[in-house]
Amino acid sequence: MRRTLRMRRAAVVFTAIGALALAGCGDDGDGKDEAADGSGTTEDSASTVNLPKLDGEKISVAAVWTGPEQANFTKVLDEFEKRTGATVTFVPAQDPIVNFLGTKIAGGQPPDVAMIPQVGAIQQAVAKKWAKPVGKEAQAQLGKNYAQVWQDLGAVDGTQYGVYFKAANKSLVWYNAQAFENAGASEPKTWKDFIATAETVSASGVTPVSVGGADGWTLTDWFENVYLSQAGPEKYDQLAKHEIKWTDPSVKDALTTLAELFGKPALISGGADGALQTEFPVSVTQTFTGGDQPKGAMVFEGDFVSVNIAQTEAKIGTDAKVFPFPAVGADSPVVTGGDAAVALKDTKGAQALLTWLASKDSAKIWAEAGGFISPNKELDASAYPNDVQRKIAEALIDAGDDVRFDMSDQAPQSFGGTPGKGEWKTLQDFLKNPKDIAGTQAKLESDAAKAYTS
C-alpha cells in the first residue's frame with residue numbers, strides 16, 4: 001500500500017531542488033457566517049471548509065510534537081477555535097504513542113483525537129477498537145483534497161480512520177555551505193561520491209557527518225534510503241511486509257553499504273559514541289552553528305530539518321543548502337513519512353477537527369510557518385516560505401499515487417517504532433559495531449518475526 005515517488009522522476013525533480021538551494025531561496029480571516037442552508041455550520045469568508053458551531057465544547061488532541069512543531073500545530077488549532085468556538089487542548093504524548101494512548105484509555109481519559117505517526121500504529125488502534133471511523137464531512141474533504149494513496153494509508157480493511165495532515169520527504173541531506181566551500185567540496189550524486197565528499201570535508205578539519213543516533217528512528221531512515229536505492233521498490237515492499245526475512249542478502253548488502261560510513265568514526269561527529277548521545281534536533285543545530293567550524297558539515301533527514309535550522313542564524317538557500325540522498329543503485333531514493341489524525345471519541349468536536357485537518361485552510365497555516373509539507377494536493381504551493389521547501393512539496397504532490405512510505409512506520413510498533421527495542425535498538429547497536437552485519441541481521445529478523453506474528 002505504501003509506494004514511492006517514481007525513482008527517475010524524483011532524481012530530476014530533486015536535482016532541480018539542489019539548484020534552487022544554491023541560488024537561494026489570502027488571509028483566512030476570523031469572521032464567521034451562518035451557512036445559507038441553515039445547517040448550523042460556520043464558514044469563514046475566505047474559507048474552503050464548513051465547520052459546525054462548537055461553542056463551549058472542549059476537545060483534546062495528543063501528539064508527540066514538541067518545540068517549534070508543537071507551536072506551529074497550535075496555530076492550526078487556534079484557528080479552528082476561532083472558527084468553531086471550541087476550546088482545544090494539546091496533550092503532549094510520548095513514543096511509542098500506542099502505549100501512551102493505552103495508558104490514557106485505561107485511565108478513562110483518552111484524548112478526542114490523536115496524531116499518529118505510524119501506519120502500523122493506526123492499524124493497532126483499530127484492532128484495539130480505539131479508533132473511530134472518519135465522518136462523511138471529513139471524508140468529503142479527503143476525496144477532494146488528497147490523492148488516493150494518502151486515503152488508503154489512513155484506511156483499514158476499507159474503512160477510513162486516519163486523516164494525513166503532515167507529510168515528510170525523508171530523503172534529503174542538508175549541508176553547511178561555508179564548510180563545503182572551505183573544503184572545496186561539491187554536492188555528491190552517488191553514494192561513492194558521498195563518501196568521497198565526506199573524506200574531502202574531513203581533510204579540511206571539519207567532521208563531515210552529524211548523526212542523531214540517540215533517536216533510533218533516524219537510523220531506520222538511513223537504512224531505508226540505502227535499501228530502497230540499492231535493492232529497489234519490489235524488495236522494499238517485500239521487506240516492509242516481512243515477506244522476505246531480514247537475513248535476506250539484500251539486507252546484508254544495504255548494511256554493508258551503510259557500514260562504509262558508520263565504520264569510519266572520523267567521518268561522524270563525536271564518533272559512534274558521540275552520535276549515540278546526540279538527539280536529532282542537536283544533530284541539526286550543531287551542523288549550522290560554530291561558524292566555519294561546525295561539529296558536522298552535513299546532516300541527513302527530511303524537510304522538517306528546516307524547523308531546527310530556523311533555531312540557528314543560518315539561512316536556508318545560502319548558509320544551509322540541500323541535496324537528494326545519494327544514489328546507491330541507479331537512482332536516488334525517495335522515502336516519505338506522515339502523521340495522521342485519528343478520532344478516539346465519536347463526538348461532533350472530534351469529527352469537526354478531522355474535517356478541519358483535511359482542509360487546505362488548515363494546511364496553509366502550518367505551510368506558511370515552515371518546517372511542514374502537506375499531502376493536500378489543493379494547497380497552493382505559494383504558501384510555502386521559500387523555493388526550496390516549495391519544490392520539495394511540489395515533488396511530493398506531483399508523485400500522486402506513486403508515494404512510498406517509511407518502512408519502519410509500516411511495521412508493528414514493537415519492531416519499527418519503540419525506543420530501546422526492535423529496529424531502533426538494533427540499528428543503534430549496529431552504529432556502534434558496524435562490523436557485525438550477520439549478528440545485526442539475525443537480531444532484526446528475530447525481533448521482526450515476533451512482532452509480525454503477535
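Let's start with a helix pair: helix 9 (216-231) and helix 10 (residues 233-240) pack at an angle of about 135 degrees, with their axes 7 Å apart. Axes here are lines fitted to C-alpha atoms over the stretch in contact, with angles running from 0 to 180 degrees between N-to-C directions. That makes helix 9 oblique to helix 10, because angles under 35 degrees count as roughly parallel, over 145 as roughly antiparallel, 65 to 115 as roughly perpendicular and the rest as oblique. Helix 9 brings F223, E224, Y227, L228 and A231 to the contact, and helix 10 answers with P233, K235, Y236 and L239 (contact means heavy atoms within 4.5 Å). By class, these residues are seven nonpolar, no polar and two charged; Ala, Val, Leu, Ile, Met, Phe, Trp, Tyr, Cys and Pro count as nonpolar, Asp, Glu, Lys and Arg as charged, and the others, Gly among them, as polar.

A word on what you're looking at: this is a predicted model, where local features need pLDDT of at least 70, side-chain atom pairs count only at pLDDT 80 or more, and totals for chains, interfaces and linings use all residues. Residues are numbered from 1 along each chain as its sequence is written, and side-chain values use heavy atoms, leaving out hydrogens and water. Helices (H or I, at least four residues) and strands (E, at least two) are DSSP runs numbered from the N terminus.

A pocket is an open set of points on a 1 Å grid over the protein atoms alone, where a 1.4 Å probe fits, with protein on both sides within 12 Å along at least five of seven lines; lining residues have an atom within 4 Å of a point. Of its 37 lining residues, V64, E69, D95, W217 and F280 lie nearest the centre. The lining splits into 14 nonpolar, 14 polar and nine charged residues.

The second largest pocket comes in at about 320 Å³. Its 16 lining residues include Q124, P412, Q413, S414 and A451, the closest to its centre. Helix 4 gives the most, with three residues.

Finally, there's an open sheet of four strands, ordered 11-12-10-13 with mixed pairing (strands pair if DSSP finds at least two bridges between them). Strand 11 (209-210) and strand 13 (320-324) each have a single partner strand, so one side of each lacks a neighbour in the sheet.

How values were computed. Grid points are joined across faces, edges and corners, and a volume is the space filled by probe spheres set on the points.
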